[in-house]
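Me: Please take a close look at one part of this model, the aromatic rings and what they pair with. I would like the cut-offs stated along the way.

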Amino acid sequence: MSKNIRPQRFLRALQRDTVDCTPVWLMRQAGRYLPEYREIRKQAGDFLALCKTPKLAREVTLQPLNRFDLDAAIVFSDILTIPDAMGLALTIEESYGPKFKRPLRSEKDINNLRVPNIDSELGYVMETIKIVRAELEEQVPLIGFSGSPWTLATYMIDRNSRDDFNAIKGLLYQQPTLLKKLLDVLTESVTRYLIAQARAGAQTLMIFDTWGGVLAHNDYLEFSLLPISIIIKELKQHNESKKIPIILFTKGGNSWITQMADTGCAAIGCDWTMSLSAARKLVNDRVALQGNLDPTILFSSPKNIEAQVKYVLSDFGNGTGHVFNLGHGIPPGINPSHVATLVDAVHEFSQNGHAV
Ligand code: CP3
């Protein structure tokens with residue numbers, strides 16, 4: 001593969017320019033399914049220490065690229081770094097997932113929240129971006145990211161169990177003005193955070209709206225998509241970020257694809273419940289599409305993985321504007337060699353016809 005084509009494949013597909021074959025990267029490409037990740041994670045002591053030590057975060061960012069023929073890198077961090085920087089103090093518990101030592105429990109807690117100082121509180125993310133960019137040179141582009149304000153809020157409000165959205169939905173229906181206040185602080189924080197990532201060298205920015213899909217139709221538009229649109233508009237007006245393509249991913253967001261395409265994003269991430277050809281018709285090739293293999297397929301045989309990759313490629317159909325990905329993150333516990341099968345299959349089966 002020529003050195004000049006490879007670095008451009010992902011960025012060209014995002015702009016819907018022609019590519020030699022379909023680019024592929026995978027959400028959570030760095031993570032617990034890799035033994036070398038688990039080793040560094042142990043060395044770091046805990047997850048947040050790993051994120052906050054740029055030397056180690058650099059190493060785990062690059063680990064999947066050393067193993068697989070991926071077309072993009074994503075900076076190793078987490079969406080919950082913003083609430084952590086706001087003073088909520090993040091911990092990741094092995095059997096529970098993310099938890100805050102000081103979640104939002106009262107109106108006063110929300111009223112007291114401030115936009116964090118990005119340089120002093122989140123500078124470690126920018127530092128990792130800088131060193132990874134310097135090391136990648138122009139081999140493959142580097143993606144920076146943030147959670148959406150709504151998704152961050154779902155984690156910040158105190159709740160009893162991890163899959164319980166009653167607390168945040170209760171706030172939405174009982175005190176919408178208070179929720180909007182929280183979303184406003186987060187909107188400004190995410191905007192500044194993403195601009196800082198662009199300034200540090202991120203070449204694409206992705207907004208993860210993991211929990212937008214739990215909202216009722218009109219509530220999604222008002223409480224999840226509106227703050228996201230404000231962020232994108234701001235990024236498009238700012239010198240340091242205006243040329244950077246933005247990928248917007250709402251898990252379970254199929255019903256809102258046309259409205260998502262109106263935000264000014266370059267691409268929409270699709271989960272596996274939607275046909276890419278149907279999504280493509282809806283957006284009328286105005287934006288690129290990213291996705292959308294069901295991650296659990298990685299537990300099946302290499303032969304089946306290849307067949308499913310072929311299916312996703314043919315579902316998207318001919319023409320450009322497709323970035324291959326999973327519909328959500330790589331699950332822990334899969335065999336890393338299955339990721340190699342997937343990545344190689346995407347390149348091999350998209351050379352003639354699919355991506356022109
Ligand atoms: O994609 C990558 O390789 C970059 C790194 C990345 C992580 N988290 C590392 C991580 C990214 C892009 C994220 C985003 C993220 N974090 C999202 C949005 C995407 C999605 O999955 O919907 C969300 C909702 C989170 C919040 C979060 N952080 C959860 C739910 C968990 C626990 C999940 C689990 O697997 O236990 C985390 C922790 C986390 N973030 C891990 C990793 C590798 C596992 C932590 C560990 O090493 O123990």
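Reply: Y37, F47 and F76 are joined into a cluster by ring pairs. Rings of Phe, Tyr and Trp (its six-membered ring) pair if their centres lie within 6.5 Å; planes under 30 degrees apart count as stacked, over 60 as edge-to-face and the rest as tilted. The model is predicted: local features need pLDDT of at least 70, side-chain atom pairs count only at pLDDT 80 or more, and totals for chains, interfaces and linings use all residues. Residues are numbered from 1 along each chain as its sequence is written, and side-chain values use heavy atoms, with hydrogens and water left out.

The count by the ring rule is six aromatic pairs. One of them is tilted: F165 and W211, 5.1 Å centre to centre with 55° between the planes. F165 lies in the loop between α8 and α9 (166-174) and W211 in the loop between β5 (204-209) and α11 (217-237), so this pair ties together parts that are 46 residues apart in sequence. Helices (H or I, at least four residues) and strands (E, at least two) are DSSP runs, numbered from the N terminus. F165 is buried, at 13% relative accessible area, while W211 is partly exposed at 23%. Buried means under 20% relative accessible area, exposed over 50%, partly exposed in between (1.4 Å probe, protein chains only).

Y220 and W256 have ring centres 3.9 Å apart and planes at 20°, so they count as stacked. Y220 belongs to helix α11 and W256 to the loop between β6 (246-250) and α12 (257-261), 36 residues apart. Both Y220 and W256 are buried.
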